[in-house]
Structure formats: C-alpha cells, structure tokens
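I opened the notebook to jot down what I looked up today. Here is the model I had on screen, followed by my entries.

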Amino acid sequence: MASEEASLRALESLMTEFFHSCTTNERKREIEELLNNFAQQTGAWRHCLYFLSNTSNEYVMMYSLTVFENLVNKMWLGVVSQDKMEIRSCLPKLLLTQHKAMPYFIRNKLCKVIVDIGRQDWPMFYHDFFTNTLELIQSPVMTSLGLVLLKTTSEELACPREDLSVARKDELRKLLLEQMPTVLGLLTGILETMWDKHSVTAATPPPSPTSGENTEVLCSLLQSNQYSKLLCQPMPMLDQESEQLCSLALECLAHLFSWIPLSTSITPALLASIFHFARFGCDLRAKAKPAPSIYSLSSSSNGLLDPGSLAPPASEGGRLSQLPAGSHSERARLGVLAMTCVNELVSKNCVPLDFEEYLLRMFQQTFFLLQRLTREHNAHTVKSRLQELDESYLERFSDFLRLFVSVHLRRIESNAQFPVVEFLALLFKYTFNQPTHEGYFACLDIWSIFLDYLTTKIKSRLADRESVLNRYKDALVLLLREVLNRIQFRYNQAQFEELDDEILDDDQQTEWQRYLRQSLEVVAKVMELLPSHAFSTLFPVLQENLDVYLGLQQFIITSGTSRRLNITAENDCRRLHCSLRDLSSLLQAVGRLAEYFIGDVFAARFSDALAVVERLAEVTCYGSQISLYDLETAVPSVLKPDLIDVHAQSLAALQAYSHWLAQFYSEVQRQNQSRFINLITSVVNASSPLITAKVPEKLLLSACHLLVSMATTVRPVFLATLPAVQNIFSLITESQTHRLHPEAHMLVCRALSNMLLLPWPNLPESDQQWHTRSSNHANMLAALTRHYRLLRGTANLPPRLGLDDMKAVLHQTLPVLRDIVDSISGESTKSRQICYQSLQESVQVSLALFPVIIEQPDVTDVMLSFFLTLFQGLRVQMGVPFTGQVIHTFLSMFTREQLAASILQEGSAGCRVVEKFLKILQVVVQEPGQAFKPFLPNILSLCMDQVYPIVAERSSPDVKAEMFELLYQVLHQNWRYFFKTSVLASVQRGVAEEAMENQAQFIAAMQAFGQSFLQPDIHIFKQNLSYLESLNSKHKLYHRKLFRTSMLFHFINVLLQVLLHRSHDLLQEEVALAIYNMASVDFEVFYSVFMPEFLNGCQGVDSNQRVVLGRNFKLEKDLPSFTQSVHRLINDLRYYRLCNSSLPTGTVKL
C-alpha cells in the first residue's frame, strides 16, 4: 500500500508539472515517455485502479482511464480471463460509488471504458452489461447515470469503429435491436413521469390555446381532439435536476433514432412525449412573458408581467416565484433536443406501411407547434415572437419543414386528414417573419423544393393540371407578391443596408447578390407555374420605378461642361436611392423571366414580351443618350453607382431577351419587319455610345455583351450595315484600339467577327453574301493583326522590337484571335473556312515565332492556348500538311531538358505550357483517319520516356492529369495500334490467336497507370481508375490475354491494398467496382488462385485467421454481394492485424 501511495503522489506531481505553464517542451517529452512506458507494463491497470479510487487530481484520473481504454481497445485479447473478470467487476463498482463526486467528463470517460468492455465481451463474458444499464435507468437515484451509459452504448455499439469484425458488428446491432422495445418504453416512462410530476393541471382546467383567436386552422390540422387536449396542456415547471434528466433522455432518443429503423416500437405515447418537450422551444414564455395557458414565468425586458388576463392564476404564484433563475436556456435546449429527435425520424425515406399512420400523427403534432409559432398576439407580432426564441430551435424547425416537404409531402398530400393549403399558410407566416437572413434563406429553399415538386407533379399529370394549380394558386400568388416586396429597398432599406455588397463569397457573389438571386429563383419558379399572373404582378412595380428613372431628365442642370442632377434634399436623395436600387433588382427579375416567353408559348405571350422589350429598349436608349453615368450628384458615393448599375442592368435585361428577339426575327422574316428593325436599331443605338474608354467598366462590359448577343444569337442580316455598327468597326480597326479595356476589346472583336462569319438564319446559301463578308472579315483581321504580323521577321533576325514590346503585342493580339476562333468552333464549315483564311498569315507568324519565345513561359502559354483553340476548332481547315508541320515543330522544341525545366517550376507558367502542349496532342490523337497516325510513336515516346519520368515520383498533380489523359486517348482512340484484331474476330477465332503490336509501349502505359494507384493524390487516382474502367467497357481491356495473364492480379492486389491502408477512403465504392470488374473476367481463377495467393501474402495474420477470412469471402458473382464480401474482408483483415499486434509477446494462439 505504501508503495502505491508513493506512486500516486509521484504521478500527481508529474501530471501537475506536465500541465504547468513553466514546463519546457523537452521536459514534457520526458514525462510523456515515462508515462507511456508505465502504461505498457503488464498489470499497470491495477495501479491505475488504485489511483482512480484514491485521488482527486483530474489529470491523474484522466491518465488512469486512458490506460484502461488502451488496455480494453488494443490489448484485451491478451489479458488473462481472471484479470478481465476483476476489471469488469471493479470499474462499474467504482462508477456507482464515486460518480457523484467525479467531474462529469471523468464520469463520461469511465462510462465509455465500461461500454468498451461490453463491446468486446457482451453477452458471452459480460452477460449483465446491458441489464445493469437498464436497472440503473429504473433506479430513481441512478437514472441519469443509466442514461449516460445508454447513450454511450448506442454510440459505441451501434456504430462501432473498425476494431471489430463484421460478424461482431452485426451481432451487436442485432442484440441492441432486440432490446429496443424495452429501452424505448423506459425512455417514454421517464419523459411522461417528469411531465406529469411537474404539470400544473391540479387547480383549473387549461384555457383555450389561442385565448379566443380563430382556431379553425388548429382544428383542421388536428382532426382528433386528443392531440389538441394533450398539446394545449400548461407547460410544467421543471426543476434543474428534472431538466437535466429529460435532456439526457432526449439525447439518448436522438442517437437511437439515428440508426434504428422506423417501427411500431416508436409508440404514439413516445411521439406525444417528444412533442410535449418540443413545446419548450416554441413557447415564448420560456424567455419573455407568460401566456394564456402556459404557466411559466420569465420576466420581460422591463421585468413586468403582462397585465390583465395574461397574468397567471393567483394560486400558481408561489410556484412561479420558485422557478430557478437562468433556466430559460435549459428549457429552450429541451425544445431543440426534442426537434432533433423528430428530425432524425423524418429524415428516413424508407417508411414501413404500419408506420405511416404514426408519421401522419407526427406531422399533425408538429404543425400544431408551427401554428403556435406563427400565431399573432396583442403583445407580440409574429416576428418579435420568433426573434425571442432560441436560434437553434428555429434552425431545427426549419430543418424539419425542409425534410417534410422534400421527403414526405408526396406521401401526405393526398391524405384528407392533412390540409396542405392550411400548412402552406402557416409556412408563409413562418417564412416572412424570420428574424435573420439565414433563416429566411432556409425558408426560401423550402419553397423552392415545394415549387419543384409542384412543377414535376403538373408535368406528369397534364390532364388535371388546372385543378392542381387552382388548389395552390392563392398560396403562390401571395408568395410571389411577398418575395417581390422583400427584394425592394422601399420596404426594407434598413435591413438591406446591413447586407454586404462588396466581398465575394466562394460562389463569387456578395451577400446582397445571394439574397437577390435566391429570391429571384423563387419568382422564376412561380412564373413557370402562373406566367400571366406573375407578369401582371411584376410589370406594374417595374413601371412605377421606371417612371421615376425616366423622369430624372428634367432635374439635369448643365453649366459649361459639367452636368449636375439637381436633387439635393436628403429625403429626396434617400427615396431616389431606394427607387434606383429597386429598379435594378426588378430589371434582374424581368431578365430572369425571359425564358418563359420563348418556345411553344412565344405566340401566346408575344404581346407581354414585346411590351417588356420595347420598354427596355426605350430605357437603355434614354440612359445612353443623356449619359446618366456621367452626372454629378449630391451624394456621389451612393447615387452615381446606383445610376451606373440601373443602366448596366437594363442592358443585361435586354440581353436576356436575345433568344426571344431571335424567335421574333424568324417569325417576321417573310412579313413586314419594320417593328423588328426598329427594335434592333434601338438596341444598337443604346449600346454603341457606351463602347468607349471613357465609360465606367461595368457599363462598357454590359454594352459589349449585349452587342455580342445581337451578333451571335439574333443575327439580323442588316446588323453590320447599321451606322452605329460601322462606327464601332472604324473604332476597333484604328491603331488606338488598345485604349479600350482588354476584355471589352475582345468582346467587341468577337461581336464584329460573328456578324461577318455566322450564317444568317432562315436564308439559303445563295443569299448569304459569303464573298463580301469574307473580304470584310479578312480586312478586319488584317487591321487587328497589323503589329503582330510585323513580328514575322524576328524569327531569324535580331529583333527589331525589344523583348518586352514583342511580348506586349503577343499578349494583346493572340487572346483576341483565340476568342474569335473559339466563338465559331461549333459553327458551319463555311464560317470556319473564312475564319481560317483571314487568320492564315497570323498562324504562320505564330509558328515562326515559337522557337524564339519558348524560353519565355508566360508568352508561350498564350501562344499554346491559341494553337490549342486552333486545333480544337479549325484543324480540318488547317489541313494535314500544315498541322503535321506544327506538331513536328512542337515535338522537336519540347526536349527532355525543356520539359524538365518547365515542369519543375511547380504551379508556374512553365507547367501550364506543358499542360497546353499535352492538350494539343490529345486533340491530335483523337482525330479519326490515318493522317496523324505517323505521330503516334513520337507522342507515346514523349509521354513515357520524357514527361512520365519527370512527373512519376513527384507528389504535385501538375501535368500528371493531362499526361494520363493523353495516354488514355492514345489507347482509346488508337486501340488497333496495339491490338490489330477486332473484339468480334478475337471471340470467333479464340483468344490464343490475339495479335498484338507495340507491346512494350502498352506494358509501359499500364505500369504507369498501376504506379499512379500507389500515390496519394486522390484526383489522379480517381481519374485513372475511371480511364481503366472505360478502356474495359469499350475495348475489353481486362479480358485481353496480355493483361489477364500478366497484369490482372497485380492491379487487383494494388486496389485491395489501397482499401486496406484506407489511403483513398472517399473512393471505396469505385475501387470495389473496379475489383469486381477485374475479378469477373474469370471468377473461378479469382477464387481458386488469386484469393489464396493474396491471403498467404498478407502479413500480420496467422493461418487460422487466413482460413476464416477465405471462408467468409463467399463465392458470389453478383456485384452487391461481391462488394459486401470485399468490404468484409478488408474490415476483418484490419481487425485481425489490430488484435495480433496487441497481444503480448509469447502469447499462444489457439
């Protein structure tokens, strides 16, 4: 004893020293080593048992428990049975005698160690493990301890880690499920007892739940009176101990519900109890003021009770005054936990038939709570009620509503006992009284899910479309109106000013843009269902704000060269700011709805769309003519951005209607086109004055995008002849064009090029005027590449321009040319021919310059991007000889030294250059026909002999992805380069005759794929696994004799090792599928040859364990069973290794 006492004091001293702020890291390492060595000793647990019983030092307790935990989880197999019995007896006794004196985290740790023992030994060697827990729960003074053990048991036994065999995992789950009716019955009893014990029903019957307010919705939601009676009972006054007990019970239920299946064990009584406690979260009185029928006190902000009828009955005064201070957060927590239980149940999509009635009952009870949350009251608006509730509770409630709509609405909607329309009315109130933006977003998501459901339902039931729509029409109309109100500054300025409109999130949008986008998505979904109604709601609001905007002209005062907006009063400026912000939002809404005016409904909705487009054209022309962006204003930091934004949004909205204009054009081509011509002329007149360097960038880019849409989507014959467009041609082909913003310059060049290259719609080839257009296009490109073509001489001569000047010209010209090619790459052959004729000289200059600039990665990157786009879009027009010349030049320039220098600069322009080069080769090897086949040996050599050795051992994914894709394309598109015979022929003649060429290169490629599976990069692993699977599905790769006889087992082995080492766990399913596809080539050989070989080669397991592993791997040939066997093999193999590594040396295994 004396020595143990001394050890304890020494340990306490060490632990205190370890955690002392003055202890050095070196000393901490010494102490840590000392403690680890002590823990590894045989019988260390006996000392730890003494320490636990005789210390009050928390560090010592935690260390001792960690020793026990390590013993149970890692060394239990090697512990002699007598010691196990002693530990199983001592630890529970220690818990029972000392749990009240222990800190809660020590108690929980001790519970976990006891449960870990149960996980290993119950029921065979620890038969009373679960019985003890149930007995504790039933003992009034030990209930909370029993609940802690129960929750820990659910966590550790139902969802165990991998340190158990699959058979043991299945056994534990089965054992626990057998106990569930008893467990759920006990938990129901605890919740009911606590509720009844503290309820205040003795003196007077409860008043009506709504104190005189209309209860029709309530009655329709709760057909059965028993629910309303139960849920209208007054709230009990729980003391602190009871609250903690109920919290533990609800926590247990939440975890149990996460894994047990829905069944009748989850009784109506249990559900009713959970909903009783869910009320703790939604009853405001828990936080602020007492309410009718809820006799619970909390003081309001001024410390007074509500006067008059809202005060509690006098007979309850004594009890109310005894309510412990600070209990609100605990009471709210009960509500949160109860809703967590409800959500665990509702999230399950698989509902047994006998549980559907319970589910309906749950929804009825939850919507009773929703009705309470959203009822109005003379002391509180709905919003102020929700504001005062616990935020977590509202989050859980919104989660419930989302789960209900997304998972169960289709089940419940047709049930006469569930009035969906009344539910939508409550959801509406709940949505538009949310106290936070995040809460509002969550509710908008719920409406979006509902609208998607409704749209899908209507499309599948066209016959009764109208009756379905009529049922929900009023709700949709209200939703639309309210969402539109919610995006307007005039009603919500204070809240909107809090939203950030500068910092971009991960989706590249600001807080305000996210708010607006989510709102407009709901508007668009309603528009799809009720088009005419949505339009008639939106257009008048738009008109109202447009009138303000169009009326600004009268307030412009010109003095000399300056122009000023004469609106200076603070209130007028504020109102103008709100109106302009709202106009900007409404213009986005109008643009978002453009898709609902085209296609089959074009004629039916023509007049509405025409009104919108003519109005938008008028607004854009007005903005451009009077240059509102150029005005001086009283509040320049606010009003000037507002004016620019409205102008830009009006152009963007007009651009959204380009598909409608294209359809309008095709409809009127054989009729009087004057109205259409006037519209297009207005659009061009609105955008052309903005294409100048003086205009703010946002506005300039909007104008350029609009012009591109006119040229690309609408394509009017007369577009290029309009005076405004002629002016843009002149502007862009003059030498000062570089003064335009680079992106704007590129867009304008694309628009002008497309006007000349793209075929005019609905006209025969003879009327396309290709000769004139070809000549004009050549002239335009000659002007754009004037400086670039002068660089031709620099290839062989000393450069006439400095290197920096040459780079500047390359950077300025090539992206524009690349964009022009890219925009017509999917168009007709004639368009691509003309484009290449105009570009031909510039392409030749580029090839001549390539050797000069290869040492400059930044410009090489730009040039290879240009060539890549050329190969993708114009390789046919370039012709085989010239394409061959380009490839030859590239292959000769990219020497091994050049590649190494480029690749070794991680993440640099050098890597991007090599990646672009490999992409060009990918395009080449995909080309059908024999023209480029002569390059295959060189391309394969480049891949395997030059690029692969550099990237193989590097962890960086740079270049690897492109190299493996090139390798895959070589194999896939040129399969007969390796395997001469077709699949059919090889089947007919027998596998033995399979002819193969270039075998060494094929083997090298397969080895490269195999090697990539041994590396950590998960993206390369996933990509390459999918390439192998694709080659198998298209070319029967796994069935080929060479692969089957010399590679198949190696690949299966590597993939099994990947699963075993858990290095790529995210891809478990993909790996298992690939193993199945490889094994299915010949299941007999897999089971009789591979599996024994694999198991014999497994380290860390004995021969008996190998036999068990082999026996458990069933001879299954279907995918689900095979996959299950693979996962079982991996789990059990890891488990056996863990067990064997934890046995003491010299242990005899039977």
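**Entry 1: Ala 425**

I began with Ala 425, which counts as partly exposed because its relative accessibility is 41%; my cut-offs are buried under 20% relative accessible area, exposed over 50% and partly exposed in between, with a 1.4 Å probe and protein chains only. Ala 425 sits in helix H19 (residues 420–431). Helices here are DSSP runs of H or I with at least four residues, strands are runs of E with at least two, and both are numbered from the N terminus. I then looked across to Ala 475, 50 residues away along the chain, and found 7.1 Å between the two C-alpha atoms.

A reminder to myself: this is a predicted model, where local features need pLDDT of at least 70 and side-chain atom pairs count only at pLDDT 80 or more, while totals for chains, interfaces and linings use all residues. Residues are numbered from 1 along each chain as its sequence is written, and side-chain values use heavy atoms, with hydrogens and water left out.

**Entry 2: the whole chain**

I noted 51 helices and 2 strands in the protein. How much of the protein is buried? I read off 54% of the 1150 residues. For contacts (heavy atoms within 4.5 Å), I took those with a separation of 6 or more, and 75% of them join residues 24 or more positions apart. The accessible surface, from the Shrake-Rupley method with a 1.4 Å probe and only the protein chains shown counting as cover for residues, comes to about 50,400 Å². Carbon and sulfur atoms hold 52% of that surface.

I checked the length of helix H24 (residues 531–550): its 20 residues should span 28 Å at 1.5 Å a residue, and the end C-alpha atoms are 27 Å apart, which agrees. The expected span is 1.5 Å times one less than the number of residues. The buried residues of H24 include Phe 535, Leu 538, Phe 539, Leu 542 and Tyr 549. Among the helices covering the buried residues of H24 I listed H21 (465–486), H23 (511–529) and H26 (606–625).

Helix H42 (residues 960–973) was next; its 14 residues reach 20 Å from first C-alpha to last, close to the 20 Å expected. Why do I call H42 largely enclosed by the rest of the structure? Because 11 of its 14 residues are buried. Lys 960, Glu 962 and His 972 are among those buried residues, as are Phe 964 and Leu 967. Their cover includes helices H40 (909–925), H41 (936–951), H44 (999–1012) and H45 (1018–1035).

**Entry 3: helix pairs**

At what angle do helix H18 (residues 391–412) and helix H20 (residues 437–460) cross? I got roughly 5°, with the axes coming within 9 Å. That makes H18 roughly parallel to H20. Axes are lines fitted to C-alpha atoms, for helices over the stretch in contact, and angles run from 0 to 180 degrees between N-to-C directions. Angles under 35 degrees count as roughly parallel, over 145 as roughly antiparallel, 65 to 115 as roughly perpendicular and the rest as oblique. From H18, Leu 401, Val 405 and Leu 409 are among the residues in this contact, and H20 brings residues including Ile 446, Ile 449 and Phe 450. By class, the contact of H18 with H20 has 9 nonpolar, 2 polar and 2 charged residues; Ala, Val, Leu, Ile, Met, Phe, Trp, Tyr, Cys and Pro count as nonpolar, Asp, Glu, Lys and Arg as charged, and the others, Gly among them, as polar.

I also looked at helix H7 (residues 129–138) with helix H9 (residues 166–198), whose axes are 11 Å apart at an angle of about 10°. H7 is therefore roughly parallel to H9. Phe 130 and Leu 134 of H7 take part in the contact, along with residues of H9 including Leu 176, Val 183 and Leu 186.

**Entry 4: backbone notes**

The peptide bond from Trp 122 to Pro 123 is cis, with omega near 0°. I placed Pro 123 in the loop between helix H6 (104–121) and H7.

Arg 715 has a positive phi, near 55°, and lies in the loop between helices H30 (697–714) and H31 (723–733). Is Arg 715 buried or exposed? It is buried, with a relative accessible area of 18%. Arg 1062 also has phi near 55°, in the loop between helices H47 (1048–1061) and H48 (1068–1079). At 40% relative accessible area, Arg 1062 is partly exposed.
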